[in-house]
Amino acid sequence: MRLIAPSLAALCLSAALATPAASQEAPRFAFFSINQLVRTSKKAGAIFSELEITKKNLEEKLGAKGQELQTLQQQLNSPSLDPDKKEALAKKYRDVEFEAKKMQEDSQQEYQRVERKVGEAITKIAAPIVEQLAKEEKLQLVLSDQAISILSWGDAEWLKAFTAEVSKRLDATDAAPAPKPAAAAPKPAAAKPAAPKK
């Protein structure tokens, strides 16, 4: 389950770098896993399900086209095939093979499009919480599983703790943003006193 969220990783880094660091303090950082968020947050998981459904539908279509090709190949290899029909069947096989390649390319593009859309949607709801939590915990850096792949060891509980808090806060938020308070009606201008008559 891979999910690309470069904008979230960039936000994590920029928010962390914007926090002033005391020269004598040890660096404070946390680890954020968008994959863990998708598994543990109902809201992030619901958004991610669109990608899973898309993948399943595309795989089913590709599988059906692959089965069609396999059936045609078996017919072409059949010793009982009438030689007069073999050329027409071979042409049909080539046509279906071309359709399968085109479908494979289109499916990959569709999957990537939905993957970007889902990644952006999750980033949109998670990034403000990541930034807020980073500031609350006075972090200087938030590492993301989407931004780096150089981590060779880490305490599993520590690695999960920050994302678990983001997941908890995300699911605690209302689905719809709170309505903005209505602007106060402007006060009527005070009437100017009438100028005295001369």
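This tour goes from an aromatic contact to a set of charged pairs. The model is a predicted one.

**Stop 1: the aromatic pair**

Select phenylalanine 29 and tryptophan 158. How far apart are the centres of the two rings? The distance is 5.7 Å, with the ring planes at 85°. Planes over 60 degrees apart count as edge-to-face, so this pair is edge-to-face. The count for the structure comes to one aromatic pair.

Now colour by secondary structure. Phenylalanine 29 sits in strand β1, residues 29–32. Tryptophan 158 belongs to helix α5, residues 156–172. The pair therefore ties together parts that lie 129 residues apart in sequence.

**Stop 2**

Side chains of opposite charge can pair when their charged atoms come close. The whole structure holds twelve salt bridges. Here are some of them.

Select glutamate 50 and lysine 117. Their closest N and O atoms are 2.9 Å apart. Glutamate 50 is in helix α3 (residues 42–77), and lysine 117 is in helix α4 (residues 83–136). The two residues are 67 apart, so this bridge links distant parts of the chain. Check the surface again. Glutamate 50 is partly exposed at 30% relative accessibility. Lysine 117 is partly exposed at 41%.

Next, select lysine 65 and glutamate 99. This salt bridge has its closest N and O atoms 2.8 Å apart. Lysine 65 lies in helix α3 and glutamate 99 in helix α4, 34 residues apart. Glutamate 99 is partly exposed, with a value of 39%.

**Stop 3: within helix α5**

Return to helix α5 and select glutamate 165 and arginine 169. Their side chains meet in a salt bridge, 2.9 Å from N to O. Why are they separated by about one helical turn? Because they are four residues apart in helix α5. Both ends are partly exposed: glutamate 165 at 21% relative accessibility, arginine 169 at 22%.

Conventions
Residues numbered from 1 in each chain as written. Predicted model: local features only at pLDDT ≥ 70, side-chain atom pairs only at ≥ 80, totals over all residues. Heavy atoms only, no water. Phe/Tyr/Trp six-rings, centres within 6.5 Å; stacked < 30°, edge-to-face > 60°. Salt bridge = Lys/Arg side-chain N within 4 Å of Asp/Glu carboxyl O. Buried < 20%, exposed > 50% of the residue type's maximum accessible area, 1.4 Å probe, protein only.
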